[in-house]
Each structure stands twice: as structure tokens, then as C-alpha cells.
Amino acid sequence: MYRLFFSLLFKRMDPERAHHLAVAWIRLAARLPVLRTFIAAALAPRHKELRTEAFGLRMHGPFGLAAGFDKNAIAVDGMSMVGFDHVEIGTVTGEPQPGNPRKRLFRLVPDRALINRMGFNNEGSAAVAERLAGRRTVFRTVVGVNIGKTKVVPEGEAVGDYVKSTRRLAPYADYLVVNVSSPNTPGLRNLQAVDHLRPLLSAVREAADQAVTERRVPLLVKIAPDLADEDIDAVADLAVELGLDGIIATNTTIARDGLGLTSEPSLVKETGGLSGAPLKSRSLEVLRRLYARVGDDITLVGVGGIENAEDVWQRILAGAALVQGYSAFIYEGPFWSRAIHKGLAARLRTSPYATLADAVGADVKEPA
Ligand SMILES: Cc1cc2nc3c(=O)[nH]c(=O)nc-3n(C[C@H](O)[C@H](O)[C@H](O)COP(=O)(O)O)c2cc1C
């Protein structure tokens, strides 16, 4: 049904327009009490056995919405209504910015992938903080806040920009993510080098502790799939050293070769980050490597190419306590989370594990 709808309507529309339209519908539905109760009952039935706890936060399940979909926190309840167990908003930058010129989002339909070079278009940390402060919670959901660098801020002053966002947003964040891995802000990914990352993460930690004294805001870092293996290990070691709460693996890739892409070459050549199915195997590989390095010391969040319950299950076995998705939501539509939860509950039932927590990292601990 959604596939038909997708081909008749969304596929013919500019992808960014289609996105705004879909978000507007979801927002509207979430504002109408009868409709939202009906939709939530249909799309977000809860499975007790999938209840998850990560960095001290309780969730209905392990499956959340990845950053970038709701950059300005305008549809948190709506995304919860359609079944996501947590919603990561952002990336939010210190200052508002328009992002890159359009057209900046492309669908690679035959590859079930997207390429984007949005460039952190967002309303900025002050406006998003104000929105979160005024939010009347309808569905209790975990809200992660993903922060990044304002484009015009020079690399040398990046720490100050992240700290500004942290001060403003930490009070409303169930967890905070330092994004150093988007390919669309020049120089951003250089911050993944431990020499840059150590002072950045330490400063954000300190700012979060000063901004929020009544609880400890969990702090995570989000990394790129294009890091060399040694760099992944270095980030993992740094995360342990700094007592970070989690690592999110991965963001989009700038790679195109060797991914078996079959879409029009002119589309494949578009500059930007590639997400969706072709990212699956590298994201899984990065996750495994991280888990082999940090074990259960740090919570890992698996993202990149998730399409179905089996993908989520594989990430859990590879070490992820939480899993996120974005691109497949565009292709699969509003019943996607429901299908994932149902399939995951069935997968757990037929597995040797009593709980999802028992399954985390099982493939890496005892390789088949
Ligand atoms: C259009 C688009 C915008 C994105 N924007 C952000 C962003 O602002 N911050 C971020 O950390 N990740 C962003 N991402 C990356 C996703 O959060 C996710 O890491 C990536 O898409 C891989 O997951 P997927 O294959 O399920 O899409 C974006 C992805 C897409 C497709």
C-alpha cells in the first residue's frame, strides 16, 4: 500500500519537499488526540520483551530514529507516534544556518539509498532549545540531541560552538551526541582525530555538567564509516578513557566504489553522504570492531542500512544496545517500525537469549 503511494506521489516529488510534506502530516496527526491515539495503537504496539535500558534511560524498545530527520525538534511526538522508541533530533549547530543550496537530497531508488548534502540546515541551538523547553509532552519518549559545528565557525573555534549548543540544549536532552562525522560541513570530520576529539569531548562533558546539575546527561560521539580501522580503535580507546557513555556507528559514507550501486551514474556521482542499504555491511563491520574493542564498557548504537528486523537483530548480536534508522523509513513508510518490532520480538523468542540485553554482542563474544 505505502509502496504504491510512494511510487504515485512521493517518488514524483522533489525528495526534500516530500520530506517536509510527510513531516507536516505526522505533526498534524500527532496534534489531534483521537487520531494520534488511533495511529499510535496501530503503528506503535509495544512488546514487553523488547523493553530496553541504555545509559540509564528506559525505552519501549531498542529502535530509534536517527539524526537528520527531525533537525529542529518539530515532530518528536509524531515520530514516537509512528513507533520509534527514541528520537534523536538535530544536528543542531551553535548558530542558525540555511545549509547548502538546493537540490541537496537525492533518492537512489534501485539501491534503496539516499545521497544528501544538506549541510546542517537548522534553526540553531537557541531556537531549538526554546522549542524543546516549550514542548508539551504527549508521548513519553527518549529525546537525544545531536550537535554539530556551525559552518562559518573556523575549525580552530569549533569547541566553543559545540559548548554553546551544549549549554543551551543539555537541559532538554535525555542524551547528547557530538557529531563529528557528517561529510557536508568542510573540515568537520577532522575533529574525529583523537587530538581534536579529546579536548572537544572533555569541554562538552564539562559544559553539560555545568548546565545540568541534577542528573548526568549521557554523552555519545557519532563516527563515520570511512574511518580507517586504526582510527576506529583510537576513538574507542578515547571513549573509554574519557568515560563516554556511547558511540554511534555510523554516519553516512562518502564512498561509492565497491558498494554495488546500480542507480544512474549521474546520481551516484552527486556529492554528499550516502545512506541506506549500501551502507549496511560497512556500518556493521565498524560496530563489530568497536564492540571487540570496548565490550560492554560503553553503549554502542548501530545505524546505517537498517531495513528490517533481521538487520536490527544482527546489529544487536554485533554489540549494539540501541539501533537507529532513517533512509529505509522513506522507502518502507509508516508501518516500518511496527514491522521491525514484531519481527524482532519473534527473533528474540526463537533465539537462545532470554532478553535483548543478553543478545548484545553475542556474535563477537562467541563467534559462530
Ligand atoms: C537526509 C539526511 C540527513 C541527515 N542528517 C544528519 C544530521 O544532521 N546529523 C547526523 O548525525 N546524521 C545525519 N544523517 C545520517 C543519519 O542519521 C544516519 O546516520 C545515516 O543516514 C545512516 O542510516 P540509514 O542508512 O538508516 O539512513 C542524515 C541522513 C540523511 C539521509
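**Figure 1. Lys71 in the loop between β3 and α4 of the predicted model.** In this predicted model, Lys71 occupies the loop that connects β3 (63–65) with α4 (76–81). Lys71 is classed as buried because 20 other C-beta atoms lie within 10 Å, and a count of 20 or more is what that class requires. Beyond its neighbours within four places in sequence, Lys71 contacts Ile89, Gly90, Thr91, Asn121 and Asn122. An unreviewed UniProt entry lists Lys71 among the positions of a "binding site" feature.

**Figure 2. Arg117 and the annotated binding-site positions.** The "binding site" feature of the unreviewed UniProt entry also includes Asn116, Arg117, Met118, Gly119 and Phe120, as well as Asn179, Asn184, Asn251 and Thr252. Arg117 is found in the loop between β6 and α5 (125–133). Arg117 is buried, since 20 C-beta neighbours fall inside 10 Å. Its contacts, leaving aside residues within four places in sequence, are Asn100, Arg104, Asn184, Thr271 and Gly272; of these, Asn184 is itself a position of the "binding site" feature in the UniProt record.

Figure 3. The "active site" feature is placed at Ser182 by UniProt, in an unreviewed entry. Ser182 belongs to the loop between β8 (175–179) and α7 (194–211). With 25 other C-beta atoms within 10 Å, Ser182 is buried. When residues up to four places away in sequence are not counted, Ser182 touches Thr91, Phe120, Gly148, Leu188, Asn251 and Gly273.

Figure 4. The shell comprises 28 residues, of which Ala66, Gly68, Thr91, Ser275 and Ser327 come nearest to the ligand. At least two shell residues are supplied by each of β4 (86–93), β6 (113–116), β11 (273–276) and α12 (327–332). In terms of residue class, 15 members of the shell are polar, 11 are nonpolar and two are charged.

**Figure 5. Strand β4 and its pairing partners.** β4 is mostly covered, with eight of its eight residues buried. Its pairing with β3 is parallel and extends over two bridges, including one between Leu65 and Val87. β4 also pairs with strand β7 (residues 142–148), again in the parallel sense, over seven bridges. Val92 has Ile147 as its bridge partner in β7.

**Figure 6. The largest nonpolar core.** This core contains 107 residues, and those with the most contacts inside it are Val145, Leu176, Val221, Ile247, Leu290, Leu300 and Ala320. Helix α10 (residues 280–294) contributes its largest share, six residues. Ile247 touches Leu220, Val221, Ile223, Val235, Ala236, Ala239, Leu290, Ile298 and Leu300, with residues up to four places away in sequence not counted.

**Figure 7. Helix α11 and the residue Gly319.** Helix α11 (residues 309–317) is mostly covered, as seven of its nine residues are buried. The buried residues are Asp311, Val312, Trp313, Gln314, Arg315, Ile316 and Leu317. After α11 comes Gly319, which has a positive phi, near 125°.

Terms used: Residues numbered from 1 in each chain as written. Predicted model: local features only at pLDDT ≥ 70, side-chain atom pairs only at ≥ 80, totals over all residues. Core = buried A, V, L, I, M, F, W, Y, C linked by C-beta atoms within 7 Å. Buried ≥ 20, exposed ≤ 12 C-beta atoms within 10 Å, placed from the backbone. Helix = DSSP H or I, 4+ residues; strand = E, 2+ residues; numbered from the N terminus. Contact = placed C-beta atoms within 7 Å. UniProt positions renumbered as here; feature names shortened; annotations may be inferred. Near = placed C-beta within 6 Å. Nonpolar A, V, L, I, M, F, W, Y, C, P; charged D, E, K, R; others polar. Pairing = 2+ DSSP bridges.
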